Amino acid sequence: MTMSFNNDMRSKKHLSGLLLCVLTLLASGLAGAHGAPEAENIPSQRLTASIERTPRINGFTAMIIDAPRPAILVTYRGEETAMIQGTEGEPFLRFTSQQVMANTHSASWHKLADNQPGEGRDHDIAPGETNWVEVSGSGSYAWLDPRLNGELLQHAGDRTGAAWSIPVVSASAGTTAVAGRITSIPVR
């Protein structure tokens with residue numbers, strides 16, 4: 001008797017699961033009969049970025065965050081300091097395993113800050129001047145780097161995309177780079 005009770009409970013679970021699947025299919029069919037919702041301002045292209053090379057710096061990793069505009073995430077667990085250079089070769093981000101600091105006088109930082117409400121450019125900056133502020137209390141930081149935007153593609157004229165490179169400096173490796181390609185894919 002116990003065995004048949006267990007089989008009955010198992011059968012009820014399977015039946016309820018099957019019923020849920022059938023109802024889900026019916027509901028999606030009804031919704032589909034009315035057509036897809038209308039959408040406006042859909043871009044015709046989507047940017048994608050890939051990493052083809054990372055610096056040989058112990059504890060340094062980088063990955064692309066796939067979003068409407070690609071971002072880059074760097075995590076650093078090394079023992080020395082690693083520094084990301086900005087678009088004009090200036091000090092931009094400084095990584096340790098404990099924190100990430102941003103140079104608020106960097107041209108790359110200003111390109112990010114100009115897109116943030118309430119932020120602006122310091123107008124009295126001497127060339128080469130740095131002002132470091134903490135932007136992460138860990139060795140990880142993600143940002144929308146200007147080198148990963150679609151402007152590169154306008155000049156490439158190549159279906160395989162355009163090459164991008166973000167210089168990284170460390171005492172052990174010298175100047176090296178995170179590098180890859182950015183491409184534009186049609187939205188369907």
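**Buried spots and ring pairs**

A: Let's start with Thr104, which is buried, at a relative accessible area of 13% (buried means under 20% relative accessible area, exposed over 50%, partly exposed in between, with a 1.4 Å probe and protein chains only). Keep in mind that this is a predicted model, where local features need pLDDT of at least 70 and side-chain atom pairs count only at pLDDT 80 or more, while totals for chains, interfaces and linings use all residues. Numbering runs from 1 along each chain as its sequence is written, and side-chain values use heavy atoms, with hydrogens and water left out.

Thr104 sits in the loop between strand S6 (100–103) and helix H2 (107–113). Helices (H or I, at least four residues) and strands (E, at least two) are DSSP runs, numbered from the N terminus. Thr130 is 26 residues from Thr104 in sequence, yet their C-alpha atoms are 7.1 Å apart in space.

Zooming out for a moment, the chain has three helices and ten strands, in the order α-β-β-β-β-β-β-α-β-β-α-β-β. Of its 188 residues, 32% are buried. Take the contacts with a separation of 6 or more: 56% of them join residues 24 or more positions apart (contact means heavy atoms within 4.5 Å).

Now for the rings. There are two aromatic pairs in the structure. Rings of Phe, Tyr and Trp (its six-membered ring) pair if their centres lie within 6.5 Å; planes under 30 degrees apart count as stacked, over 60 as edge-to-face and the rest as tilted. One of the pairs is Phe92 with Trp143, edge-to-face, with 6.0 Å centre to centre and 85° between the planes. Phe92 belongs to strand S5 (residues 91–95) and Trp143 to strand S8 (residues 140–143), so this pair ties together parts 51 residues apart in sequence. Phe92 counts as buried at 0% relative accessibility, and Trp143 does at 3%. Trp143 also pairs with Tyr141: the centres are 6.0 Å apart and the planes are at 20°, so this pair is stacked. Tyr141 is buried too, like Trp143. Put together, Phe92, Tyr141 and Trp143 make one aromatic cluster.

Moving on from S8, Asn149 is in the loop between S8 and helix H3 (151–156). Asn149 counts as buried, at 13% relative accessibility. Its side chain reaches the backbone oxygen of Pro146 at 3.2 Å. That's a polar contact: a pair of N or O atoms within 3.5 Å, where within protein one must be able to donate a hydrogen and the other to accept it, and residues adjacent in sequence count only if both atoms are side-chain atoms. Beyond its neighbours within four places in sequence, Asn149 is in contact with Leu47, Arg69 and Ile182.

Finally, Ser170 lies in strand S9 (residues 162–170) and is buried, with a relative accessible area of 5%. A polar atom of the Ser170 side chain is 3.1 Å from the backbone nitrogen of Ala173.
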